[in-house]
Amino acid sequence: MIRDARYLVAACALLGTVAAASGAQEAPQDKTQDPAFREEVVVTGEEERFRLRLDELALGALADSAEFLKRVPGANVNRNGPLAGIAQYRGLFGDRLNVVVDGVPMAPVCPNHMDPPLGYIPLLQLESIEVHRGIAPVSSGLETLGGTIIARSRSLDFGAGEEWEFRGTLAAFYGSVNDGRSAGLAASLANARHLFHATGAGEEGGDADFPGGTVVPSRYKRTHYGAGYGFKLEDHRLNFAFRRDQVGKTGSPSLPMDTLFHDVSILNAEYDGVWSGKKLEAALYHSTGEHEMDNFSLRPPMDPAKKRISAADNRLVGYRLSVGLASWRGWLELGADGNRTRHDAVIRDPDNAMFLVVNFRDSTRERYGLYGEWRTLTERKWGVQAGLRYNLVRTHSGPVSTSMGMAQVLADGFNGADRSRTDHNVDWVFSLWRFVTKRLVWSAEAARKTRSPSHQERYLWLPLQSTGGLADGNTYVGDVELDPEVSHEANVGLEWGGKRAYVHPHVFYRRVDDYIQGTPASDASVVMVSTMMGDPTPLRFRNVEAELYGVDADWNVALYGNWSVGGVVSYVRGERRDVDDDLYRIAPLNGSAAVRWEKGKWLAMAEGEFYARQCKVSATNGEVETSGYGLLNLRGRFRVSDVMTLTAGVENVADKKHYDHLGGYNRVKGGDVGLGKRLPRPERRAFATLNVWW
C-alpha cells in the first residue's frame with residue numbers, strides 16, 4: 001500500500017488545488033438550483049447520492065446506459081459487448097454491487113452476465129442513474145458490499161385535477177460509429193387519482209469501427225416495452241408495472257459466445273403511504289428470463305468440431321417492506337426484504353445430438369433480510385446514522401450431468417457432495433457528519449458489509465468460462481465450501497459549496513476478508529479435464545485476502561458570464577493481502593473536465609477525458625497492462641421549442657486509437673483485432689438525439 005501512496009497524494013493535491021481556486025464564495029440555500037451544477041447531489045443527512053439527470057444523460061453517443069457511470073466519481077464500467085456494460089464502483093463489480101432497476105434488484109439470466117442489470121433500461125428510456133456515494137446504507141438493499149446503484153426509467157406523473165390529461169415523450173437517436181439508431185416513447189393518460197402509462201423502445205446497430213478496422217462481432221439489437229397502472233388517494237399510492245426486454249443477435253467479442261436471443265418479463269407492484277404518521281412502503285416483484293448464445297452464428301468457431309449452443313433461464317421473485325416513524329429526535333426505519341432466484345443452464349452441440357452438459361440445474365439462491373436504521377434530523381449541526389442488518393442466505397444446486405466421459409468423475413463428485421449451504425451474515429453502517437459552516441460539511445463512515453458466493457462461484461463444477469462476465473480468458477471451477485466475503489471499510493468526505501463553485505472529495509479504504517478470487521486449481525481431475533478442453537491452467541474460486549483504497553471527487557466552478565468548468569476524478573488501488581499480486585480489472589487514475597457555455601436555448605460543451613497508464617495488473621488472471629490516453633469530446637444542445645430539444649456532438653474528435661483497461665480481450669479469430677489482444681475503443685463518432693414531449 002505504501003508504494004502507491006504517491007498516487008493518492010497526487011490526487012488529493014489536485015482536489016486541494018481545485019478547492020483553493022474556488023475562492024471564498026457564500027453558499028446558496030439550494031445548490032441544486034444553481035445553473036453551475038452539472039449533476040444533482042442529493043444530501044438527505046444520512047448519505048450523499050450522486051444523480052445523473054435526464055438532460056445530461058442525453059449528451060452521449062453509445063447505446064449502453066452503463067456508459068454514463070463514467071461521469072460518477074468512483075464509478076466505471078466493464079465493457080464486454082455493446083449492451084454488456086457491467087457496473088463498477090471503487091474497484092468492485094458484478095455480483096458485489098447492488099444494482100436496482102425501477103425498484104427491482106435484477107438477477108442476470110446469462111451465466112456470463114451478457115445481460116447486466118443496467119442493460120434492462122434502453123438509453124432512450126433512462127431518466128436517471130443514482131449512486132450512493134461512499135458507503136451504502138443498510139436500507140438500500142440486501143447485499144451492498146460494493147455499493148448501491150439505482151436506475152430509473154422515464155416516468156410520467158398523475159394529473160392535477162379530475163380532468164384526464166394525455167402526456168408523453170418521444171426520442172430518436174443516431175450514432176455514426178456503428179450506424180446505431182433507436183427510438184423510444186413514453187406516454188400516459190392520467191388525472192389526480194388514476195395513471196395509465198406505457199413505454200416502448202427499439203434500437204439496433206452494426207459492428208463498431210475503430211481507427212484501423214472493425215470489431216467483429218459488435219452488432220446489437222434490442223426492443224423494450226411496458227405498461228402499468230397507478231392509483232393515488234391522498235397520502236397513498238399504488239402502482240402496477242409490467243415490462244419486457246428482448247435482445248436479438250448481439251456480439252460479445254470478449255466472451256466465448258454471442259447472444260442469439262434474450263427475453264425477460266418483469267412484473268412489479270409497489271405501494272407507499274402514510275398511516276398515523278408512519279410511512280409505509282411495500283413492493284412485490286417477479287421476473288422470468290430465457291437466454292441463448294452460441295460460438296458460431298456471429299463468429300467463426302475456434303474449432304469447427306466444437307460448435308456449442310448454451311441455453312439458460314432463471315426465475316426471480318422477491319419482496320420489500322419498510323415502515324418509518326419519528327423516534328427519539330430522529331427517524332427510525334425498520335424493514336424486511338428478500339428474494340429467491342433459480343438458474344438453469346445447459347450446453348449442446350448442434351452437430352451432435354448426443355452431446356450434453358448440464359452446468360447448472362436448479363441452482364437456487366435465497367436471501368431474507370431484516371434491518372433497522374436510525375438517523376438524526378438534517379437541520380442539526382451534528383448528524384448520525386446507524387444501521388444494522390441481518391441476512392439469511394441459502395444456496396442449493398440440483399444434480400448435474402454430462403455426456404462427456406472425461407468429465408463424469410467431476411459430475412459424480414459434485415452430485416455426491418452436500419450442495420446446500422446456509423450463511424448468516426451481519427452488516428452494520430455508522431455515519432457521522434458535521435455542518436461546519438453554511439458551505440462546508442464533513443462526514444466519516446465505517447461499516448461491515450458481507451456477500452455470500454454467487455451460484456457460479458459455488459456451483460460451477462466443470463472448468464468453463466461461465467464466470468459472471470470476468471472475461472479474462474481463463475476457465476474456472478467453483479467451490480461449494482466458499483465462505484462469504486466480509487468487508488470492513490471507512491470513508492471520509494468533504495462537501496464544500498458556494499454560489500459559484502463546489503468540490504466534493506472522498507477518501508476510502510476497504511479491507512475484504514475471504515475475498516473470492518480465482519487461484520490456480522490443484523485438483524488433478526480438474527486440471528486433466530481442463531487440459532483436454534484446451535486450458536492446462538484452470539483456476540478455482542477460493543477465499544483470499546484483499547484490500548482496496550483510493551480517492552474520488554466531483555467539482556465545478558461557475559466562471560464569468562455563461563461559462564462554467566467542472567468534472568470528476570477517480571483513483572482506486574486493489575491488492576491481494578495474502579500474496580504479492582493486484583486485483584483484476586481495476587481502472588487506473590482517470591477523470592474528465594468539461595468547459596460549458598449555456599445561454600437561453602443553447603448549450604455547448606468541450607470535454608477532456610483522461611486515463612493514466614495501468615501497470616498494476618493481476619498476474620493470476622493473466623491481465624495485460626494498458627497505456628494512458630486522452631480524448632476530446634464536443635457536445636451541444638439546442639431547444640428548438642418549448643416541446644423539442646436537439647442534442648448532438650462528436651466524441652474522440654482526434655480519432656485516436658485507444659484501449660480501455662476495463663475492456664475485454666478479443667476471443668474471435670480472423671478479424672481486425674488479434675486473437676487474445678485487448679479490444680480497442682471506437683473511432684471518432686458523431687451522434688444526434690431528438691427529444692419531443694407534450
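Two residues are in contact when they have heavy atoms within 4.5 Å of each other. Keep that in mind while we start at Arg 389. This is a predicted model, in which local features need pLDDT of at least 70 and side-chain atom pairs count only at pLDDT 80 or more, while totals for chains, interfaces and linings use all residues. Residues are numbered from 1 along each chain as its sequence is written, and side-chain values use heavy atoms, with hydrogens and water left out.

Arg 389 sits in strand β22, residues 382-396. Helices (H or I, at least four residues) and strands (E, at least two) are DSSP runs, numbered from the N terminus. Is Arg 389 buried or exposed? Its relative accessibility is 1%, so Arg 389 counts as buried. Buried means under 20% relative accessible area, exposed means over 50%, and partly exposed lies in between (1.4 Å probe, protein chains only).

What does Arg 389 touch? Leaving aside residues up to four places away in sequence, its contacts include Val 138, Gly 141, Asp 337, Tyr 371 and Asp 427. Two of these can be followed atom by atom. The Arg 389 side chain reaches the backbone oxygen of Val 138 at 3.0 Å. It also reaches the backbone oxygen of Gly 141, at 3.2 Å. Arg 685 is another matter: its C-alpha atom is 46 Å from that of Arg 389, and 296 residues separate the two along the chain.

Now turn to charge. Side chains of opposite charge can pair when their charged atoms come close. A salt bridge is a side-chain nitrogen of Lys or Arg within 4 Å of a carboxyl oxygen of Asp or Glu. The whole structure holds 47 salt bridges.

Look at Glu 67. Its side chain meets that of Lys 70 in a salt bridge, 3.1 Å from N to O. Both residues are buried. Glu 67 also forms a salt bridge with Arg 79, with the closest N and O atoms 2.6 Å apart. This second pair links distant parts of the chain: Glu 67 is in the loop between α2 (54-57) and β3 (75-79), and Arg 79 is in strand β3, 12 residues apart. Arg 79 is buried too, like Glu 67.

Another salt bridge joins Arg 458 and Asp 423, at 3.1 Å from N to O. Arg 458 lies in helix α4 (residues 455-459) and Asp 423 in strand β24 (residues 421-437), so the pair ties together parts 35 residues apart in sequence. Arg 458 is buried, at 1% relative accessible area. Asp 423 is buried as well, at 8%. Elsewhere, salt bridges that share partners join Asp 64, Glu 67, Lys 70, Arg 79, Asp 660 and Arg 681 into one network.

Arg 79 leads us to a sheet. Its bridge partner in β4 is Gly 85. Strands β3 and β4 (residues 85-89) pair in the antiparallel sense over 5 bridges. Two strands pair if DSSP finds at least two bridges between them. Together, 3 strands form an open, antiparallel sheet in the order β3-β4-β5. Its edge strands are β3 and β5 (92-93), each pairing on one side only.

Note on methods
A polar contact is a pair of N or O atoms within 3.5 Å; within protein, one must be able to donate a hydrogen and the other to accept it, and residues adjacent in sequence count only if both atoms are side-chain atoms.
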